[in-house]
Amino acid sequence: MSKATRTDTQSPALHDADSHDMIRVHGARENNLKDVSIEIPKRRLTVFTGVSGSGKSSLVFDTIAAESKRLINETYSAFLQGFMPSTARPEVDVLDGLTTAITVDQQRMGGDPRSTVGTATDANAMLRILFSRLGKPHIGPPSAYSFNTASVRASGGITVDRGAAKTKTVKATFERTGGMCTRCEGRGKVSDIDLTQLYDDSKSIAEGAFTIPGWKSDNVWTVGIYAESGFLDPNKPIRRFTKKEMQDFLYREPTKVKVNGVNLTYEGLIPKIQKSFLSKDKEAMQPHIRAFVERAVTFTTCPECDGTRLAEGARSSKINRKSIADACVMEIRDLAEWVRGLEEPSVAPLLTALQQTLDSFVEIGLGYLSLDRASGTLSGGEAQRVKMIRHLGSSLTDVTYVFDEPTAGLHPHDIQRMNRLLLQLRDKGNTVLVVEHKPEVIAIADHVVDLGPGAGTEGGTVCFEGTVEGLQSSDTITGRHLDDRASLKEEVRKPTGALEIRGATANNLQGVDVDIPLGVLTVITGVAGSGKSSLVHGSIPTDEGVVSIDQSPIRGSRRSNPATYTGLLDPIRKAFAKANDVKPALFSANSEGACPTCNGAGVIYSDLGIMAGVATTCEDCGGKRFDSSVLEYRLGGRDISEVLAMPVTEAEEFFGAGEAHTPAAHRILQRLSDVGLGYLTIGQPLTTLSGGERQRLKLATHMGDKGGVYVLDEPTTGLHLADVEQLLGLLDRLVDAGKSVIVIEHHQAVMAHADWIIDLGPGAGHDGGKIVFEGTPTDLVADGSTLTGEHLAAYVGS
């Protein structure tokens, strides 16, 4: 049979299907976007740049990715949609050419203590099946190896319908074998409240036994309810309480009582403390309350399972002399080798799938992790890379992958590996959208979209669209700063003392001895997983003199805003109350001053089941959140809603002089300006802030603390190139004010600006945990023997 041959020499006409090679966005107005219209090429790598708060995430995540997910969800049945989160269509006129979007963001993986790297990536699920098939002795199905599954036994009578109104009761027995440790309930740690930090048991309640911050004897809501409840003798020392009184005092369930004619709810001291202190964001607390919580709550390794989370049966079943607990505690690269050595044809497909997953960890640079690592302890960058693992071996093509700063937390050496992964995803025929600030990632882009020119209300427009070369020659902020290189200091500050660390062994540290100089800017560097956080957070004592600002997320609802989080609202309320001779509570949208129609939310929310809920502006308060009578009270010619609508810079000027002069408020606003948040509206919901904005908000809050040592964990995360210079100025001001600043950082500009560098390595996991260099940045560049030294030398052009 002969083959057909082409006789025409002309190229075929472009097929209509091939004309859809762009994602078209027209009239995007989400958050601060100002009618943005752009065209993004498909099957290319597009990087979105711009200062923090310029609208990058609003365009990429809240518009393009959000609409793609919404449209996919609408393809499911109404029954299934009822179980899915419903989202409204983004504020945009036209979105054309969308493909399935897979979002890989920096949202922390679940903070639940039972969530681990293994459970989040399904590696644990495969291991459990493996042990249930090959483990000796055999103890049961995969659930017998799961620390999230408790063993259950039950028996009793059940009623069975026999038809024609006949029933029969039969005995039934149910049994399920789980692997959960009964003592810690699969958490690996047991928590306890130190009662000695709550009260002095030699005193009676009437004598002021409570040592809890804010619990004063005249407060009916705290001390008063215990003294007048009738369950306890307020004049008897606590140590002389009877067994029943002690049970009522510490553990009684919520009970209605009448105190001085007022109906109140009495509950035991321990559940009351857990609700009022332990359920709140520790970072948002005032320093003295935060110190109290850290003293009062203790966490210790579970003595029953030795921290493995597993019951005795699961720990006793082994393959080649290793239990599932042993496998989960191994570094993943070592576990991959162990799995590779197992040869059992009966489970060959399972071994292949497990091997691919573990190799993906190594390929992405996370081979130093272990499967039992709690997912809540991962940094933002680690969490994002863990989420990438399930996509590396995917056969899907023509998918839109959306990344939020994938290089966050990465050493310059690791960024090259991440770049290769992004290019691999693109070369498989996918569209890759990346929000990023690092010049190394911008350099590999096929297309660049630069937003700005400023942040907040000054941003939200497209300043440049095109190639990397075009961006470099453009006059945008990003273009001007793309080739910025910090130079090494000619002179460094002299330390005023040293913080001695001896024999540090936290996580992978190998008995580290180091003196961290005080009175200077010290930068701790090293590849991801080398032990930087273990050294700083695990070895530096967190006493009252140390202010530690890590990357843990800010918890807050849409009712929380910079004014409430920083404590700024307190002096503002008091100033309004004093000027108008009324109660401060009137000036809180979460208290007496709230609009009664919307309860201070500013919007009325209508739940429409499977459809996206609708939030409409409250007609009574016009979205101002306050009762109309409250808005009649003024300070400096402004009402409270107008003040909360001010940007930080305007509010700083407003409270700095004149009738509204309020020193306490002005100091907090100055700190917000110092960290580069002058454009934020002080009443803007925390839920609308970017990751970089939240960390700088946390830094501004802690700048008011009285500590002499500041510990910062990658403060350049989410910062534009132009903002890094402002951050360095802030660090200099802290040191010049007599503070000691210790920074965990990968950014070469911060390294070059340091007075002293401590470099850990040489590798990650068990290949790290050692000090490979101590000295000035100039000495590090001259030494050139470490990875950090090589990249810093290339950065400064030495």
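I began with the lining of the largest cavity and sorted its residues by class, which gave 5 nonpolar, 9 polar and 5 charged (nonpolar covers Ala, Val, Leu, Ile, Met, Phe, Trp, Tyr, Cys and Pro, charged covers Asp, Glu, Lys and Arg, and polar the others, including Gly). I note that this is a predicted model, in which local features need pLDDT of at least 70 and side-chain atom pairs count only at pLDDT 80 or more, while totals for chains, interfaces and linings use all residues. Residues are numbered from 1 along each chain as its sequence is written, and side-chain values use heavy atoms, with hydrogens and water left out.

**Cavities**

I searched the whole structure and found 7 cavities of 30 Å³ or more (on a 1 Å grid over the protein atoms alone, a cavity is a set of points where a 1.4 Å probe fits but cannot get out, a pocket is an open set with protein on both sides within 12 Å along at least five of seven lines, and lining residues have an atom within 4 Å of a point). The largest cavity has a volume of about 160 Å³ (the space filled by probe spheres set on grid points joined across faces, edges and corners). I counted 19 residues lining the largest cavity, and those closest to its centre are Glu-405, Lys-438, Thr-716, Thr-717 and His-747.

The second largest cavity comes to about 70 Å³, and its lining has 5 nonpolar, 4 polar and 2 charged residues. Among the residues that line this second cavity I listed Arg-559, Asn-561, Arg-625 and Phe-626.

**Second largest pocket**

I then looked up the second largest pocket, in which about 550 Å³ of space lies. Of its 29 lining residues, the closest to the centre are Pro-439, Asp-484, Arg-485, His-747 and Tyr-795. The elements that give two or more residues to this lining include α14 (412-427), α25 (721-736) and α28 (787-796) (helices, H or I, of at least four residues and strands, E, of at least two are DSSP runs numbered from the N terminus). By class, I have 15 nonpolar, 8 polar and 6 charged residues for the lining of the second largest pocket.

**Helices**

Which helices pack against α12? Helix α4 (residues 123-134) packs with helix α12 (residues 348-363) at about 150°, their axes 10 Å apart (axes are lines fitted to C-alpha atoms, for helices over the stretch in contact, and angles run from 0 to 180 degrees between N-to-C directions). Helix α11 (residues 332-340) packs with α12 at about 155°, with 9 Å between the axes, and the crossing of α11 and α12 is left-handed (the near helix is turned anticlockwise from the far one by less than a right angle; right-handed if clockwise).

**Backbone**

The peptide bond from Lys-136 to Pro-137 is cis, with omega near -5°, and Pro-137 sits in the loop between α4 and β6 (152-163). I also found a cis bond from Gly-452 to Pro-453, with omega near 0°.

Is Arg-625 buried or exposed? Its relative accessibility is 15%, so I count Arg-625 as buried (under 20% relative accessible area, with exposed over 50% and partly exposed in between, for a 1.4 Å probe and protein chains only). Arg-625, not a glycine, has a positive phi of about 80°. Asp-35 also has a positive phi, of about 50°, and is partly exposed at 48%.
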